[in-house]
2 protein chains.
Amino acid sequence: MRVAFLGPRGTYSEEAALRHASHASQLVPFGTIAAVIAAVQDGAADQAVVPIENSLEGAVTHTTDLLIHSTDLLIHSMDLRICREIVLPIHHCLLVQTGFALPLVRAVYSHPQALAQCRGYIAEHLPEAEPVASLSTAGAVRDMGSSTRPAAAITSRRAAEIFGAKIFDHNIEDSANNKTRFVVLAPHDAEPTGRDKTSICLDFAEDGPGILHGALGELASRGINMLKIESRPDRRSLGRYIFLIDIEGHREDEVVREALRGLRNRAALFRVLGSYPQPDTRESA
Amino acid sequence: MRVAFLGPRGTYSEEAALRHASHASQLVPFGTIAAVIAAVQDGAADQAVVPIENSLEGAVTHTTDLLIHSTDLLIHSMDLRICREIVLPIHHCLLVQTGFALPLVRAVYSHPQALAQCRGYIAEHLPEAEPVASLSTAGAVRDMGSSTRPAAAITSRRAAEIFGAKIFDHNIEDSANNKTRFVVLAPHDAEPTGRDKTSICLDFAEDGPGILHGALGELASRGINMLKIESRPDRRSLGRYIFLIDIEGHREDEVVREALRGLRNRAALFRVLGSYPQPDTRESA
């Protein structure tokens with residue numbers, strides 16, 4: 001099994017891919033989310049792990065747009081489905097160049113969003129350090145190594161391991177509630193487990209009051225719980241929206257199957273992105 | 001009038017603030033979105049301009065979380081409202097160090113998300129250049145200036161003007177449909193104009209099928225069009241969601257007032273974030 005992920009190695013995307021993969025799997029980094037997805041469509045990989053929500057890399061909208069957009073490409077490329085989700089708690093580590101105490105550090109490297117997430121820690125513990133941007137949390141370790149000033153890096157534990165760097169401090173993020181949701185994409189989604197969720201996207205040809213309300217009635221009238229709803233602008237026409245909805249249940253469950261049929265009849269565009277197990281809340285807590 | 005914005009000068013946030021401000025306004029940069037908002041609450045500024053959607057700076061969730069969270073702080077701080085929105089098309093410019101032709105450039109500086117948005121352009125026109133991260137698109141101009149290699153920077157037109165840099169190429173972003181939505185926050189929202197929208201947030205004490213469907217019935221039954229809906233995880237308890245909804249109309253319109261009353265009765269948390277004019281679609285196209 002070859003699993004494609006958003007590289008480089010040592011990022012949180014690799015951590016998510018490691019959680020997903022078995023020991024026999026081969027993890028293959030790609031440079032962009034589009035390339036990760038294309039790897040599965042082209043047969044260069046069997047599965048793809050991509051961030052989808054609340055990502056450090058700012059990748060959320062890019063991934064959902066690619067998932068929606070792939071509907072247009074059905075003729076040309078393989079139709080991928082979500083077969084699993086992985087909720088990864090994001091914990092940042094501090095690395096410091098050998099031989100320097102914290103007050104001596106003059107530069108701290110990381111991805112801008114990781115720097116922002118550790119702003120309080122930096123102000124308290126690295127008062128003299130200038131924040132310097134790196135292209136990824138993994139790249140920050142390299143940037144620290146080639147710094148001409150006494151330097152530190154904010155990165156994942158995994159990147160520290162890969163580079164053989166000693167971790168100076170753990171869990172330095174200001175908010176304890178920092179998580180990224182990843183999805184695993186494959187040619188087929190998952191078998192029913194009895195505790196599943198289904199992701200769909202749809203839009204409506206008409207606009208107007210009550211269109212969405214009517215559609216949600218297909219779920220409510222059947223007692224199907226909605227886990228998430230998001231409207232995203234349709235990139236092709238201003239003022240039209242695509243809805244991304246997660247519901248409880250598997251698309252092969254009879255009641256879900258009926259509701260999806262009802263939604264399909266009301267929608268201009270309708271796509272099941274996949275059915276897959278709900279994450280263990282202990283894992284995601 | 002003092003208008004606070006997310007600095008430094010030369011970023012797209014300053015461009016949005018300039019669109020909003022009159023000639024008599026004084027624009028004041030702050031280092032974080034939280035500081036921009038606090039500036040109005042503390043009286044250091046009269047209004048705040050912050051990115052809220054599809055932002056280059058990855059600021060979206062941070063801003064909406066601050067808007068929601070401020071409900072908890074009502075006793076301690078001033079309750080701000082959205083009084084305007086500004087949709088800014090994002091166009092990136094290419095700057096090149098004086099004296100170098102494009103094929104000679106070995107480093108291209110920008111914020112990682114701007115680099116990602118111009119990936120195709122870089123591959124085609126700057127094949128030998130290594131992408132290097134900067135903390136902001138404005139900071140990229142400074143980084144280019146101190147580069148020891150032949151360098152370029154991807155930045156806003158405004159940053160080029162501020163630094164007196166010559167623009168080598170315009171509109172180098174790969175996607176023509178790149179926009180950021182900003183909101184203006186102030187102690188009061190806007191007067192009705194006849195073509196307004198109202199932003200609300202709410203959550204429900206109970207969970208279960210049909211709760212949201214029932215709530216949306218308050219809008220549908222009154223013929224009120226919903227412009228946007230988003231569910232966001234409640235940061236305090238996993239599995240509970242806060243809904244951010246934009247509807248057509250002003251909160252002082254009789255029919256909107258009734259609908260809001262109906263929603264308030266169904267919700268555990270309910271807040272009107274503000275009523276303000278719908279943007280001119282020509283401006284936002």
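**The interface and the sheets behind it**

Modeller: 42 residues of chain A are in contact with 42 residues of chain B, contact meaning heavy atoms within 4.5 Å. This is a predicted model, in which local features need pLDDT of at least 70 and side-chain atom pairs count only at pLDDT 80 or more, while totals for chains, interfaces and linings use all residues; side-chain values use heavy atoms, without hydrogens or water. Residues are numbered from 1 along each chain as its sequence is written, and chains are lettered from A and ligands numbered from 1 in the order in which they are written.

The size of an interface is often given as the accessible area lost when the parts come together. Here, chain A and chain B bury about 3,100 Å² between them, 59% of it on carbon and sulfur atoms. That area is what the two parts lose on being put together, found with a 1.4 Å probe and summed over both.

Between chain A and chain B there are 0 salt bridges, a salt bridge being a Lys or Arg side-chain nitrogen within 4 Å of an Asp or Glu carboxyl oxygen. Polar contact, however, links 5 residue pairs across the two chains, both residues at pLDDT 80 or more. It stands for a pair of N or O atoms within 3.5 Å; within protein, one must be able to donate a hydrogen and the other to accept it, and residues adjacent in sequence count only if both atoms are side-chain atoms.

On the side of chain A that touches chain B, α4 (112-117), β7 (130-133), α8 (211-220), β12 (226-233), β13 (241-248) and α10 (281-284) of chain A each supply at least two residues. Helices (H or I, at least four residues) and strands (E, at least two) are DSSP runs, numbered from the N terminus. The largest share, 7 residues, comes from β12(A). By class, this side has 17 nonpolar, 17 polar and 8 charged residues; Ala, Val, Leu, Ile, Met, Phe, Trp, Tyr, Cys and Pro count as nonpolar, Asp, Glu, Lys and Arg as charged, and the others, Gly among them, as polar.

A:K197 lies in strand β11 (residues 196-203) of chain A and A:D246 in β13 of chain A, 49 residues apart, so to speak linking distant parts of the chain.

Now to chain B. An open sheet of 5 strands runs in the order β7-β6-β8-β5-β9 (chain B), with mixed pairing; two strands pair if DSSP finds at least two bridges between them. β7 (130-133) and β9 (167-169) of chain B each have a single partner strand, so one side of each is left without a neighbour in the sheet. Strand β6 (residues 107-110) of chain B pairs with β7(B) in the parallel sense over 4 bridges, and B:S110 has B:A133 as its bridge partner in β7(B). Helix α6 (residues 137-145) of chain B packs on this sheet, touching β5 (93-96), β6, β7 and β8 (151-155) of chain B, and its direction makes about 165 degrees with that of β8(B). Such axes are lines fitted to C-alpha atoms, for helices over the stretch in contact, and angles run from 0 to 180 degrees between N-to-C directions.
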